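Okay, thanks everyone, I'll keep this short. Let me put the structure up and then walk you through a few spots.

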Amino acid sequence: APDLFADTFESALLEVEVSDVAGQPLAGVSVGLGTGAPVLTAADGTASLTVGAGATQVVRFTRAGYTDQFKPLYFEGRLRRAFLRAQMMPRATAQVVGNIEAGAVVGGPDGAVLSLPPNALVGPGGAPVTGTVTIGMTPVDVSGAELGAFPGRFAGYAAGGALVPIVSAGTVEYLITQGGAPLQLAPGVSATLDLPVYPPLNQDGAPVAAGQVIPLWFLDETSGLWRQEGQAGVLASAASPTGFVARGTVSHLSWWNLDHVPEIGFLRVRGFAPPGYAIASN
């Protein structure tokens, strides 16, 4: 056990609380950290595990039927406990698509679309994929109660390499599997994505309009941060709640996100945690 009277601790007890987007506790969530054995949340959605000090680590939350969640955590070693809340999103109903080697255009909830050219997919070992696959697209409405299920931090690396805060206009998990194994785009192959645009207004208060461009980002699961890769053009879509989606071209399948870099200042605040606790947040 850590020395209660030490100036710093080599490890701490990380206490997590996991719920769905309605705020209900989620039992049976696998909570993993690094290479250590994961733990499962109890009926009240809570679990605890040991976290080491001195480096940013990513806590990964997985449960069948839900999108994976990723939360970066940095523990300085000054306190014995850390507390982390996470929300998870139920995956949308996936679609079974045959003869995938011929290509496919598949629509999902809220106007999400995945367009694959012929011979687009490879399996975990790199072999070309043919036959029947399962395609899932799960959007997260960042303008409402689903915001808590946004994966990772609201921060990422812009095209120039700078770490910046981000403001999401909509994010979608694109997942294709065959026999339960995740598939990827073949090297040199691109897919086209449509992502729902959820906020009806831009940051400056002007209405979202067809023809504007929004930077496109993907989630780096190893860091819990986003990375800008390309951009998406806004176009009209009757399937989107706001009437708009943004279309972009990508080289791999993952969480993809429409993000603006906000113009912000900084406000210094001071908060207090109970004795012996650190607060970890997104």
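So, the largest nonpolar core here has 38 residues, and the ones touching the most other members are Leu114, Leu116, Leu121, Ile135 and Tyr174. Strand S15, residues 167-178, gives this core its largest share, four residues. And sitting apart from that there's another core, this one of 19 residues, with Leu14, Val16, Leu26 and Leu73 among them. Keep in mind that this is a predicted model.

What is Leu114 in contact with, once we leave aside its neighbours within four places in sequence? Quite a list: Ala104, Val105, Val106, Ile135, Met137, Tyr174, Ile176, Ala191, Thr192, Leu193 and Leu253.

Next up, Asp20, which you'll find in strand S1, residues 11-20. Asp20 is buried, yet there's no salt bridge for it. Where's the nearest side chain of opposite charge? That's Arg63, and it is 8.3 Å away. What Asp20 does have is a polar side-chain atom 2.9 Å from the backbone nitrogen of Ala22. Setting aside neighbours within four places in sequence, Asp20 is in contact with Leu26, Tyr66, Gln87 and Met88. Leu26, you'll remember, is one of the 19 residues in that other core.

Last one: Ser237, in the loop between strand S20 (225-236) and strand S21 (244-250). Buried or exposed? Ser237 has a relative accessible area of 16%, and buried means under 20%, so Ser237 counts as buried. Again leaving out neighbours within four places in sequence, Ser237 is in contact with Gly111, Gly243, Phe244 and Val245.

Definitions and conventions
Residues are numbered from 1 along each chain as its sequence is written. This is a predicted model: local features need pLDDT of at least 70, side-chain atom pairs count only at pLDDT 80 or more; totals for chains, interfaces and linings use all residues. Side-chain values use heavy atoms; hydrogens and water are left out. A nonpolar core is a set of buried Ala, Val, Leu, Ile, Met, Phe, Trp, Tyr and Cys residues joined through side-chain atoms within 4.5 Å. Buried means under 20% relative accessible area, exposed over 50%, partly exposed in between (1.4 Å probe, protein chains only). Helices (H or I, at least four residues) and strands (E, at least two) are DSSP runs, numbered from the N terminus. Contact means heavy atoms within 4.5 Å. Lys and Arg count as positive and Asp and Glu as negative; His and the chain ends are not counted. A salt bridge is a side-chain nitrogen of Lys or Arg within 4 Å of a carboxyl oxygen of Asp or Glu. A polar contact is a pair of N or O atoms within 3.5 Å; within protein, one must be able to donate a hydrogen and the other to accept it, and residues adjacent in sequence count only if both atoms are side-chain atoms.
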